[in-house]
Amino acid sequence: MTHTRTVVRGGLVITAADETHADLLIEDGRIAAVAATGSTVAEGWSAERTIDATGKYVIPGGVDAHTHMDFPFGGTFSSDDFESGTRAAAWGGTTTIVDFAVQTKGHALREGLDRWHAKADSKCAIDYAFHMILSDVNQGTLKEMDMLVEEGITSFKLFMAYPGVFYSDDGQILRAMQRTAANGGLVMMHAENGIAIDVLVEQALAEGRTDPRYHGEVRKALLEAEATHRAIQLARVAGSPLYVVHVSAEEAVAELASARDKGLPVFGETCPQYLFLSTDNLAEPDFGGAKYVCSTPLRPREHQAALWRGLRTNDLQVVSTDHCPFCFVGQKELGRGDFSKIPNGMPGVEHRMDLLHQAVVDGHISRRRWIEIACATPARMFGLYPKKGNLQPGSDADVVIYDPQAEQTLSVETHHMNVDYSAYEGKQLTGQVETVLSRGETVIDRRTYAGRAGHGQYTPRGLCQLLD
Ligand code: URP
Ligand code: ZN
Ligand code: ZN
C-alpha cells in the first residue's frame, strides 16, 4: 500500500555516524525529517501511518554491492533470478543490490548490459544497479567503458582467475585501469592467480584428489596474496583506484593494509562466508563440501581474525555477499568426481545484515561499524550515497526496523532464497529484521512479505565517493 506520509516513532536510529533515539518522518518515498523522540518537532508531525519502533533499531536498508542473480557459470545458472533473489534480500533487510552484468567474450558490453536489463527490469522487489564484468578487454570495449561510466555503470570487474572464461591478462588489466584512471570508473578485481591455480588443479585431479576440499587446497592463500599485490602495483602504474572483491586470505589483507599505509586508493571487500565458515565446511562428507565451493575459497578458520581486524581498522571497508547460489541437487552435483566442475558460488543475500548484527553481539564490531560496512560505505564506494546507505533528510526512505532481541535459527526450511540448502543450517542468531520499507513502501511488514516484483527501480550510479 502507498502511504504519502509515515512516521517511525521511538526507535534507536543507527547510522554510520550516530546512534540517537529519534523519530523519522517519511514523505513521498524520502526521509523528510529526523527529530529527537518526544521533541516538540517530532510530536507535531501528523501522518497517515505510524510505525512503533519502541525497543527496536531503525537502520538504513542494507546495500549489497556484490550479487550474481541468474548468472552463467560452469554450464548452469545461479538459482535465484532477480525476482526470488531480491525478495530474499528484502527479507534480510537489504534494500539495494548491485549485480554484475556480464560481457560475453567477443561481444559488446552494451549487449551484456541489455541482457541484464532484460533479466532484471520489472522483476525486482528492491532497487538495483549494475557493475559490468569485462571478459574481453579490447579497443572496442575500452571505448565502451567511457559510455557506461556516463550512464551510471561506474565499476568494472576484472578477473585474474578463470583462464579461458573471464580471465584478463596483465596487459588487458593495465589498459582497463588506465581507462578508469581517465574516466573516473573503479576497477573491481577478482584477485587470484588463475594460471598457477589451473596447474595445481590439473595435478590434483591427475593424482585422484577430486573431492570438494581440494578446491580450497589448490586455490592457495599465497596465490590470492600474489594476485592482490600484482593488482595493486598495476593500479599504481595506471594511477587508478582499486577495489578488491571477496578477500578471504590473511596474506591478502596484509597486501591491502600495506598499500593503504602508503596512502594508495585501494579498497577491500570481504563476505560473511569468510567470516563465519572455513575449510572445515569444505571437508564435510558425502560431497557436502560442494555447498561451500566458491572463489576465492573458504580458508582455515585462523584467517578469520585477520578479516575481523581488517574490518575494524578499515583495511577492509565493505561486506557484500557475493550471492551466487547453486542448488546441491543437479547443480553442485555437476562436480561429483571432479571438484573443478562444481559451480563456484554460495547463497547469502538474505543473511548478511543478520550475520553482521551477530558480529556486533559477539563483540567483533560496533553497531555503527555494522551500518558503515553494510550500508553507508558500499553506497559511497559505488556512487549511491546519500540516496542509499543513510537516513538523512533527502535520503530514500529505505528503512529497516530491526529487533535486536529476537532469536532465530537459519535453515533451508525457513529461508527465502531459491536454493535447496542453507550454508548456515542450524546457526542461531540474535536479532532479526521486522519491517522493511523501500522508498517508503512496505516490503516486509512485521515478518510478512508485502512487496511486489517490479517495485524495485534501476538506479544509475555516480562515481566512487571515497576518492578525494
Ligand atoms: O565463487 C564465486 N565467487 N562465484 C561468483 C563469481 C565470482 O567470482 O564472484
Ligand atoms: Zn570473483
Ligand atoms: Zn562474485
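## Cysteines

How far is the sulfur of Cys271 from the closest cysteine sulfur? The distance is 7.8 Å, to Cys294, which is too far for a bond. Cys271 is also buried, with a relative accessible area of 0%. Buried here means under 20% relative accessible area, exposed over 50%, and partly exposed in between (1.4 Å probe, protein chains only).

Cys124 is buried too, at 1% relative accessibility. Its closest cysteine sulfur is in Cys324, 16 Å away, again too far for a bond. A disulfide is a covalent bond between the sulfur atoms of two cysteines. Counted as pairs of cysteine sulfur atoms within 2.5 Å, the disulfides come to zero.

## About the model

This is a predicted model: local features need pLDDT of at least 70, side-chain atom pairs count only at pLDDT 80 or more, and totals for chains, interfaces and linings use all residues. Residues are numbered from 1 along each chain as its sequence is written, chains are lettered from A and ligands numbered from 1 in the order written, and side-chain values use heavy atoms, with hydrogens and water left out.

## The zinc site

His66 (NE2), His68 (NE2) and Asp322 (OD) coordinate the zinc ion (ligand 3), at 1.9 to 2.1 Å. Donors are N, O and S atoms within 2.8 Å of the metal (3.2 Å for Na, K and Ca); water is not among the atoms, so sites may look incomplete. The zinc ion (ligand 2) is 4.1 Å from the zinc ion (ligand 3).

The site of ligand 3 is tetrahedral, with angles of 87 to 135° among its four donor atoms. Along the chain, the donors follow the spacing H-x1-H-x253-D. His68 sits in the loop between strand 6 (62–67) and strand 7 (72–73), and Asp322 in the loop between strand 15 (318–319) and helix 13 (352–361), so the pair ties together parts 254 residues apart in sequence. Helices (H or I, at least four residues) and strands (E, at least two) are DSSP runs, numbered from the N terminus. His68 is buried at 3% relative accessibility. Asp322 is buried at 8%.

## Around ligand 1

Ligand 1 has 13 residues around it, each with a heavy atom within 4 Å. Lys157, His190, Ser295, Asp322 and Asn344 come nearest.

Polar side-chain atoms of His66 and His68 lie 3.5 Å and 3.2 Å from an oxygen atom of ligand 1. A polar backbone atom of Asn344 is 3.0 Å from a nitrogen atom of ligand 1. Taken alone, ligand 1 exposes 260 Å², and the protein buries 100% of that. These areas come from the Shrake-Rupley method with a 1.4 Å probe.

Notes
Tetrahedral: all angles 85-135°; square planar, octahedral: opposite > 155°, others 65-115°. Polar contact = N/O pair within 3.5 Å; in protein donor to acceptor, adjacent residues only side chain to side chain.
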